[in-house]
Amino acid sequence: MKLIIRFIVLTVSFFYLFIACSEEPYDENGKGILTGKVVQAETYIPVANAKISTNPNTSSVFTDSLGNFVIENIPIGDYSIEARKEGFVTRFEAATIKINETTNIVFELDPEEEINNSPEIPELIAPEDNEENIDLSVDLIWSCLDPEDDIITYKITLRNDITNEIEVFENINDTIFTLENLNYSTKYFWQVTANDGINNDVNSETQSFRTLEFPNARFLYTKKISDNNVIFTADENGNELQLTSSATNSFRPRKNLQANKISFIRTTGGQAHLYTMNPDGSNVFKVTQNIPLTGFNLDFYNYSWKSNGSQFLYSNFDKLYSINTDGSGLELIFQTPNGKFISECDWSYDSSQIAIKVNDPNGYNVEIYIINMAGNIIYNVLNGVGGAVNGLHLSVDNSKLVFTQDITQYESSDYRQLDNRIFLHDFSSSITTEIDVAKPNGYNDYDVRFSPNEASVIFVSTSNDNISERVVYSCEIANSNTRTILFQNSIMPEWK
């Protein structure tokens, strides 16, 4: 029995010894190998002589001509591997070294970009900020330096205060630039932008200047720009100045010399209201508020100044109102006895009489009469005639009245006129005669006004096709051979 037990013990001991001798021992000090390659980012061109080092530190090597490297006998563990080469951005990669294994990594190095500073902020030198009476041709002058003496190109942004139009002048290589053909009586805002071709744009501050006042502007008229009416003024030499922005619908300008103001109609929010402004287009003021200007057709609507510049007359359907130029004192002056619309009015120079044109809602069945300031009808010029009639203007002594009438008495839903001519009514003789202004056949003359000396008339003429260009003419009343074009593509003239 003892022999059997001893045999079993020896056998088990031998078995455990055999198993223990067959296992590999664990080496905590094992090592591995790191290999890799360094190339340029994007192009993958090998980077030679790049320094490769580890953290924790073991040893450092350099890449060969093909960008390859090997670091042997690295203790196992986690490392941060650094690749460094002058002219490139240093790169780090993580690597885990395992016992008796080779770990491979690839570095993609980005070339260092040379640091380049932006140009300095341009300094605007001339014209000085808020300088006035600048000629219509002006040199803009500024200064600008670049730290690396890079070549700078400039851009000028120019805006005016009347139309808010923005002009941009680009690819300027000098610090002086000549602006030409500027408008009279206009404030301009300008800014210079500098660019060195490397960095972002650098903008100057914005400065302003104002051009010369417009000389002796005796004419006013309206032009169509895009979808809006725009008011212009001009002198007798044809120099022109835009007074209202093309972003608003403004028309029917009238000038009062004593007030030194220009009045006009502007439509906003579906209503037409009366406004005033300075002769250069500045200081716009809304006169009417609660009761707008209305008639059958605003293209053939007219209102009137009081000669001393203190009040206006305007109509709202069948009612005629007076209002002070500051918007106060609204008063009903007259109401038509038959409900017809008042489309036009003209206040006499001595403010004692008012010429009125009334019509039905389609613009026809016209009457022209004179009322006194008590609202009584004191004289009839026309009564219930067919066709289109427009353009009332009294002479300064109340002795004459000019207007236009379509002698065909044609009537249509689009208010088309076929043969509109200019007529002069003499109150002393009660005779109406046509003024011969050499109107061609197939044309209409309308919107007539006396010249300041009343020896001539100014008016609009266009083909009766209802789509052709409108042109403003003048003609001496006593000489039809003087029919002269004043302004192309223009309507609603005024001559003061």
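Colleague: Which residue in β12 does Y154 stand opposite?

Modeller: Y154 stands opposite I172 in β12. Strands here are DSSP E runs of at least two residues, numbered from the N terminus. Two strands pair if DSSP finds at least two bridges between them. β11 (residues 153–160) and β12 (residues 166–172) pair in the antiparallel sense, over 5 bridges. This is a predicted model, where local features need pLDDT of at least 70, side-chain atom pairs count only at pLDDT 80 or more, and totals for chains, interfaces and linings use all residues. Residues are numbered from 1 along each chain as its sequence is written, and side-chain values use heavy atoms, with hydrogens and water left out.

Colleague: What does the hairpin of β11 and β12 have between its strands?

Modeller: There are 5 residues between them. Within this hairpin, N164 takes a positive phi near 60°.

Colleague: Which strand pairs with β11 over 8 bridges?

Modeller: That is β14 (residues 187–195), again in the antiparallel sense.

Colleague: What is the strand order in the open sheet of 3 strands?

Modeller: The order is β8-β10-β13, with antiparallel pairing. β8 (123–126) and β13 (176–179) stand at the edges with a single partner strand each, so one side of each has no neighbour in the sheet. On average, neighbouring strands are turned by 30° against each other, direction ignored; the axes are lines fitted to C-alpha atoms. β10 and β13 pair over 4 bridges. V138 has L179 in β13 as its bridge partner.

Colleague: How exposed is I141 of β10?

Modeller: I141 counts as partly exposed because its relative accessibility is 31%. I141 sits in β10 (residues 138–143).

Colleague: Where is S185, and is S185 buried or exposed?

Modeller: S185 lies in the loop between β13 and β14. S185 is buried, with a relative accessible area of 2%. Contact means heavy atoms within 4.5 Å. Not counting residues up to four places away in sequence, S185 touches I162, R210, T211, L212, E213, F214, L241 and D280.

Conventions
Buried means under 20% relative accessible area, exposed over 50%, partly exposed in between (1.4 Å probe, protein chains only). Axes are lines fitted to C-alpha atoms, for helices over the stretch in contact, and angles run from 0 to 180 degrees between N-to-C directions.
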